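Please look over the sequence and the model before reading the points below.

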Amino acid sequence: MATPFSSTTPLRSIFQSKPSPPKTLLSLPVSSYRAQRNDNNSSHIASVSLWSSASNYAAATKLYANPITVKQLLQKRRGVIRCATIEEIEAEKSSIEKDAKARMEKTIETVRTNFNSVRTGRANPAILDKIEVEYYGSPVSLKSIAQISTPEASSLLVQPYDKSSLKAIEKAIVSSDLGLAPNNDGEVIRLSLPQLTSERRKELSKMVAKQAEEGKVALRNIRRDALKAYEKLEKEKKLSEDNVKDLSSDLQKLTDEHMKKIDGIFKQKEKELLKV
């Protein structure tokens, strides 16, 4: 006979839900759980196997996984082992060559400008290029505030755009190493170039020779910088040793060409200085 339902009977004892697996079992190996539950329910065992495998994987991931994701790791690895393309290497080589050539050309122009500032027997406005005038509290080049011309072969005419600067221009010319005596008539300044003595010509010739040598030193320094840039590419495995040798040879040819240009303008200037 069935036991009658009593109002005092706890509902929990009748409708007892299926207990969930203990949390600690989620981290146990499959073999351990089987040892505790010795039954023949293969489907239940398979279920436990899945829970155990998942929990072990989660625990191993938590304990041993690197915070860097697989994708990030691959990207990082690709960045390390990535090699420069041929186009990139050629661009770097071309940049080094262009920079060296541009700096060498600028050196030639500097030497030529320095030579022009050294006066010879004939009047040349360029001899005043280096003179700076104190104009309204700031130093400015003479040629920027005055027009300079050569009315005669042995004289220069300085006509300022602002007549109030005449005194300052006269002072700057006297203070220079040109050895010229300006004649200020209140409107313009006239400069008479006396004939150079033999001793003065020799002094100026030595000055020009020194300027030429300084230009050559500058060219050698430019070549050295370019060689260091090539050697850096070799260390980065972007260029082989043979590549660097070939580029160094081309660089030396470029340097020699500009050395010859300095020699040429030096000889021309020296000829002008020594001509009586």
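The model described here is predicted.

**Helix 8 and helix 9**
- The axes of helix 8 and helix 9 come within 10 Å and cross at roughly 170 degrees.
- Helix 8 and helix 9 are therefore roughly antiparallel to each other.
- The contact of helix 8 with helix 9 has 16 nonpolar, 6 polar and 10 charged residues.

**Helix 5 and helix 9**
- Helix 5, residues 86-116, and helix 9, residues 241-274, have axes that come within 10 Å and cross at roughly 10 degrees.
- That crossing angle makes helix 5 roughly parallel to helix 9.
- On the helix 5 side, the residues that meet helix 9 include Lys93, Ala100, Ile108 and Phe115; on the helix 9 side, Leu247, His258, Ile262 and Lys269 are among them.
- By class, this contact of helix 5 with helix 9 has 11 nonpolar, 3 polar and 7 charged residues.

**Nonpolar cores**
- The largest nonpolar core has 27 residues, of which Phe115, Val208, Tyr230, Leu239 and Ile262 touch the most other members.
- At least two residues of this core come from each of helix 5, helix 8 (198-235) and helix 9.
- Helix 9 gives the most to this core, with 9 residues.
- Apart from neighbours within four places in sequence, Leu239 contacts Ile89, Lys93, Tyr230, Leu233, Glu234, Val244 and Leu247.
- A second, separate core has 20 residues, including Ile131, Val133, Ile189 and Leu193.

Definitions and conventions: Residues are numbered from 1 along each chain as its sequence is written. This is a predicted model: local features need pLDDT of at least 70, side-chain atom pairs count only at pLDDT 80 or more; totals for chains, interfaces and linings use all residues. Side-chain values use heavy atoms; hydrogens and water are left out. Axes are lines fitted to C-alpha atoms, for helices over the stretch in contact, and angles run from 0 to 180 degrees between N-to-C directions. Helices (H or I, at least four residues) and strands (E, at least two) are DSSP runs, numbered from the N terminus. Angles under 35 degrees count as roughly parallel, over 145 as roughly antiparallel, 65 to 115 as roughly perpendicular and the rest as oblique. Contact means heavy atoms within 4.5 Å. Ala, Val, Leu, Ile, Met, Phe, Trp, Tyr, Cys and Pro count as nonpolar, Asp, Glu, Lys and Arg as charged, and the others, Gly among them, as polar. A nonpolar core is a set of buried Ala, Val, Leu, Ile, Met, Phe, Trp, Tyr and Cys residues joined through side-chain atoms within 4.5 Å. Buried means under 20% relative accessible area, exposed over 50%, partly exposed in between (1.4 Å probe, protein chains only).
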